[in-house]
Amino acid sequence: MPTTTRAAVVESGGAPFTLSDVVLDAPGPHEALVRMVATGLCHTDLGVASGGLPFPLPGVLGHEGAGVVEAVGSAVTGVTPGDHVLLSFTSCGDCRNCRGGHPAYCATWLPLNLLGGSRADGTHTISRGGQALGGHFFGQSSFAERALADERSLVKVDPDVPLESIAPLGCGVQTGVGAVWNVLKPDTGSTVVVLGAGAVGLSAVMAAALTPATRIVAVDRVAERLSLATELGATHTVDTSGTDLAPALAEITGGQGADGVVETTGNVGVLRQGVDALAARGTLVVVGAPPFGTEVALDVNGLLGGKRIVGLTLGDSETQTMIPALVRLVKDGRLPLHRLIGTYPFGDIDRAVQDMRSGKTIKPVLMF
């Protein structure tokens, strides 16, 4: 049976989120109806809402959902009604990358998650007044009291962990953690530099603190975020509002450069500085996403010392393994995610957006 629920709808690019009654389609064979408890607000949501990506609007966004399963489709085997779940990205499950444990690089990732607005077969999951809305965002569209989610978006989690404390694991946190654990894989005594101390960057700092890296350097222009980075595990900080990055990193590393850099800002000037700061055989992970078509100039000869530049989507995570591990670290107090979170009633979504844009809140989480 279709389900009527309340959702935050973006009517057109640049328009605010407005609460509206919408109708969810009945769950398909590989879908589940989830009662949302909490959902994180991510810069990707804001970028799409601004009209910066060709997602079909009016539509319902949201891709860091957490809730309780209410109903499942006929072919769903991984969850049952009553299970606590986190919602993350979806994938086809059949292409080479999905079968190889890299679903974030699914052959159909963009239409399934970011651009399509509908199921793979073109049918819509959300409507209003008989008119289809853009939905199926990251296989979930979780800015709603109930979400119709792909089975491959669902991860069953420990019911003893409050869902509002782990909702951001679905995107931002696993991205920052995965940049460190799945790509950089720091060796004993290595130096990791994190450019940008937002939710993704601070997640990378926390992840690096759980590795054998000796130096963990957080870089930002906001002193309060750098102070928090220190509390979360950074051994050094650089405030670029008053300090040049290159000489500061040279001093911290004794002129050797960084073994690993995580670039989260989406600023190509910062990315270039990060590449230049790499040690021989060092790796920079590109996480921050500027507008499509953005290019960056690099010194080709500077790369010949074995430097690597690696693009990253969603931490290159296999969610069924990564997310439960992160939940356990949160539960045990080893991943203090609560230090980043500020909670808001769902009806205050626009205030959450404003606080995120102003920097007042690092990771807003909407509560239902």
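Where does Pro58 lie? Pro58 sits in the loop between α1 (43-49) and β4 (59-60). Keep in mind that this is a predicted model.

Two other loop residues deserve a glance. Ser141 has a phi near 50 degrees, a positive value in a residue other than glycine. You'll find Ser141 in the loop between β8 (131-132) and β9 (146-150). Is Ser141 buried or exposed? Its relative accessible area is 1%, and buried means under 20%, so Ser141 counts as buried.

Asp316 also has a positive phi, near 50 degrees, and again this is a residue other than glycine. Asp316 is in the loop between β16 (308-311) and α9. Asp316 comes out as buried because its relative accessibility is 16%, and the cut-off for buried is under 20%.

**Salt bridges**

Now for the charged side chains. Side chains of opposite charge can pair when their charged atoms come close. How many salt bridges does the structure hold? The count is 13. Here are some of them, with the N to O distance for each pair:

| Salt bridge | N to O distance |
|---|---|
| Arg128 and Glu11 | 2.8 Å |
| Asp94 and Arg99 | 3.3 Å |
| Glu231 and Arg339 | 2.4 Å |

Take Arg128 and Glu11, whose side chains meet in a salt bridge. The pair links distant parts of the chain, 117 residues apart: Arg128 is in strand β7 (residues 126-128), while Glu11 is in the loop between β1 (3-10) and β2 (17-24). Arg128 is partly exposed at 24% relative accessibility, and Glu11 is partly exposed at 31%.

Glu231 is exposed, with a relative accessible area of 51%, whereas Arg339 is partly exposed at 36%. Some bridges share partners, too: Asp25, Glu31 and Arg119 are joined into one network that way.

As for Asp94 and Arg99, both residues are exposed.

**The annotated span**

The unreviewed UniProt entry carries the annotation "domain: Enoyl reductase (ER)" for residues 14-366. In the model, that span is 26% helix and 25% strand, and its end C-alpha atoms lie 20 Å apart.

Technical notes
Residues are numbered from 1 along each chain as its sequence is written. This is a predicted model: local features need pLDDT of at least 70, side-chain atom pairs count only at pLDDT 80 or more; totals for chains, interfaces and linings use all residues. Side-chain values use heavy atoms; hydrogens and water are left out. A salt bridge is a side-chain nitrogen of Lys or Arg within 4 Å of a carboxyl oxygen of Asp or Glu. Helices (H or I, at least four residues) and strands (E, at least two) are DSSP runs, numbered from the N terminus. Buried means under 20% relative accessible area, exposed over 50%, partly exposed in between (1.4 Å probe, protein chains only). UniProt positions are given in the numbering used here, feature names are shortened, and annotations may be inferred rather than shown by experiment.
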